[in-house]
Amino acid sequence: MDIFNNLMHGFSVAFALDNLMWAVFGVFMGNLIGVLPGMGVLAAISILLPLTYTMTPTAALVMLSGIYYGSQYGGGITSIMLNLPGTASHAVACLDGNPLARNGKAGSALFMLMFSSFCGASVGILAMILFSPMLVDVAFKFGPAEYFSMMMLGLLAGATLAKGSAIKGVAMVVVGLLLGVVGTDVNTGTMRFHFGILELSDGLQIVALAMGLFGVADFLKNINRIGGDTKITTGEISMKSMRPEAGDIKQSRGALVRGTAIGAAFGILPGTGPTIASFISYAVEKKVARDPRRFGRGAIEGIAGPEAATSASTQTSFIPTMSLGIPGDPVMALMLGALIIHGIQPGPQMMIEHADMFWGLIASFWVGNVLLLLLNLPLIGMWVRMLTVPFRYLFPAALFFVCVGVYSTNNNLFDVAMVTVFGAAGYALIRLRFEPAPLLLGFVLGPMVEENFRRALLLSRGELSIFVTRPISLGFILACVALIALLIVSAVRQRNKSREALLQARSAA
């Protein structure tokens, strides 16, 4: 009853005119930022942070939070429509969302995007309400050894993101790891692999990498079609096309549940966040699918699971920030800064000392997600109509927004040049049938794997046994071993099937 009363009080705070107005503004801006490729939520919140100085703490946090989770909705739209991930966490949506759009099912893909995001966000909010104290206790049990083992499992799972050979998937993960070590070593301050280029001292920018590998590479792949009036899809656009096909919801039910659980779990762990959760969810769905070959060609589960994971992780990532004062990513660090600016110290006592703001913020999450659903569903027709624009107009415009978005991240033309380089590299990888998604996962996880590995060794004074003497870490290590064995068995079976098919073809001839 206490939780119910607190939640009702939170809704009364969220529906106050000024808080509701800022919630609408925040989710609209977040959705717009997500739709525009490369227009990062981090830059948007940084720009709007001074605006919060004259606002109440509750209104300030409601607006900034709306921008954050609103961008998660919008970021998937360009991933499906143009194969341009608006945010890094939506790179996975390109794998199946864009093939669906090209097959005339853009409306169904966008509907599933919205539906999955809303379901994931709702469950994430419930997790915040019901399990915050317990989840905080679980987060306290994770040290460097546990983080390292968990992320190693994520890297191995990332190899399964590749459509074909698992060896190629592992190779892409390794390339991503190598790209991730470029820049300044956080422990020693030494610059690594910068080749005398000062701009590489802070490492490669994930926005430039994602835009190049997924957006520019796709543009180069389709460049021969720009000469005419070829369109991405010529499917008829009607209200019927905007509804999910029969069986889509049923087929995605399991993916929704698994993706939401993965996102909620990863959101409470500082340093993980929606990007890693979406990749892990996709890898899980591909593993449990009866026919994994559908993935990468338009599997609806490839949208439902990762999008639910992204939204659930976005909501639960507020738990360590507000309950422990530990930001899980740069966006949460800005949220923490906004609280401190208003004289509020996040921590275990925040739910008691600032109950109005805490419960008002949670209630605003539900209000904001409903607003996003109402905002986006009527616009599905408009997003689908984008696909009827000929290539020769659409892709140059998309490239313009990519360049503007990447430049706005650091106001540096070097990042635009890096997008060009990564785009050319991504096109070469596509031609050689290497999947870019595992590379991006390796790039995201690589620095965190290295940092936690070194921290664990410092704590154990160089003893590698720390990874197997801690129960949670041992569990992840055993899962890694099991996954490697599974990959080997799968590769052997595939090889045997190919050999048998070849022998049968020869005997028939």
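1. Isoleucine 488 is exposed, with a relative accessible area of 51%. The cut-off for that class is over 50%. The residue belongs to helix α22, which covers residues 471-508. Its C-alpha lies 9.1 Å from that of alanine 166, although isoleucine 488 and alanine 166 are 322 residues apart in sequence. This is a predicted model, and the points below should be read as comments on a prediction.

2. Leucine 130 is placed in helix α6 and counts as partly exposed because its relative accessibility is 46%.

3. The largest nonpolar core has 122 residues, and within this core Ile45, Phe318 and Met335 touch the most other members. Helix α4 (residues 57-82) supplies the largest share of this core, 14 residues. Apart from neighbours within four places in sequence, methionine 335 is in contact with Ile45, Leu61, Leu64, Ser65, Tyr68 and Phe318.

4. In another pair, phenylalanine 318 and phenylalanine 365, the ring centres are 4.9 Å apart and the planes are at 50°, so the pair is tilted. Phenylalanine 318 sits in helix α13 (residues 318-323) and phenylalanine 365 in helix α16 (residues 355-376), so this pair ties together parts 47 residues apart in sequence. Phenylalanine 318 and phenylalanine 365 are both buried. Ring pairs also join Tyr68, Tyr69, Phe318 and Phe365 into a cluster.

5. Two backbone values are worth checking. Phenylalanine 193 is not a glycine, yet has a positive phi of about 50°; it is found in the loop between β2 (191-192) and α9 (206-221). Arginine 461, also a residue other than glycine, has a positive phi near 55°. Arginine 461 is in the loop between α20 (437-459) and α21 (466-469), and counts as exposed because its relative accessibility is 79%.

6. Serine 313, in helix α12 (residues 301-316), is buried, with a relative accessible area of 0%. Leaving out residues up to four places away in sequence, serine 313 touches Gly263, Ala264, Phe266, Gly267, Gly273, Pro274 and Ala277.

7. The whole structure has 7 salt bridges. In one of them, the side chains of glutamate 285 and arginine 258 meet at 2.9 Å, N to O. This pair links distant parts of the chain, with glutamate 285 in helix α11 (residues 274-288) and arginine 258 in helix α10 (residues 248-267), 27 residues apart. Glutamate 285 is buried, with a relative accessible area of 2%, whereas arginine 258 counts as partly exposed at 33% relative accessibility.

8. A salt bridge also joins the side chains of arginine 294 and glutamate 301, at 2.5 Å, N to O. Arginine 294, at 28% relative accessibility, counts as partly exposed. Glutamate 301, at 8% relative accessibility, counts as buried, since buried means under 20%.

9. Arginine 455 and glutamate 451 form a salt bridge through their side chains, at 2.5 Å, N to O. Both residues lie in helix α20, 4 residues apart, which is about one turn of the helix. Arginine 455 is partly exposed, with a relative accessible area of 41%, and glutamate 451 is partly exposed as well, with a relative accessible area of 24%.

10. Finally, salt bridges link Asp185, Arg192, Glu450 and Arg454 in a network.

Methods: Residues are numbered from 1 along each chain as its sequence is written. This is a predicted model: local features need pLDDT of at least 70, side-chain atom pairs count only at pLDDT 80 or more; totals for chains, interfaces and linings use all residues. Side-chain values use heavy atoms; hydrogens and water are left out. Buried means under 20% relative accessible area, exposed over 50%, partly exposed in between (1.4 Å probe, protein chains only). A nonpolar core is a set of buried Ala, Val, Leu, Ile, Met, Phe, Trp, Tyr and Cys residues joined through side-chain atoms within 4.5 Å. Contact means heavy atoms within 4.5 Å. Rings of Phe, Tyr and Trp (its six-membered ring) pair if their centres lie within 6.5 Å; planes under 30 degrees apart count as stacked, over 60 as edge-to-face and the rest as tilted. A salt bridge is a side-chain nitrogen of Lys or Arg within 4 Å of a carboxyl oxygen of Asp or Glu.
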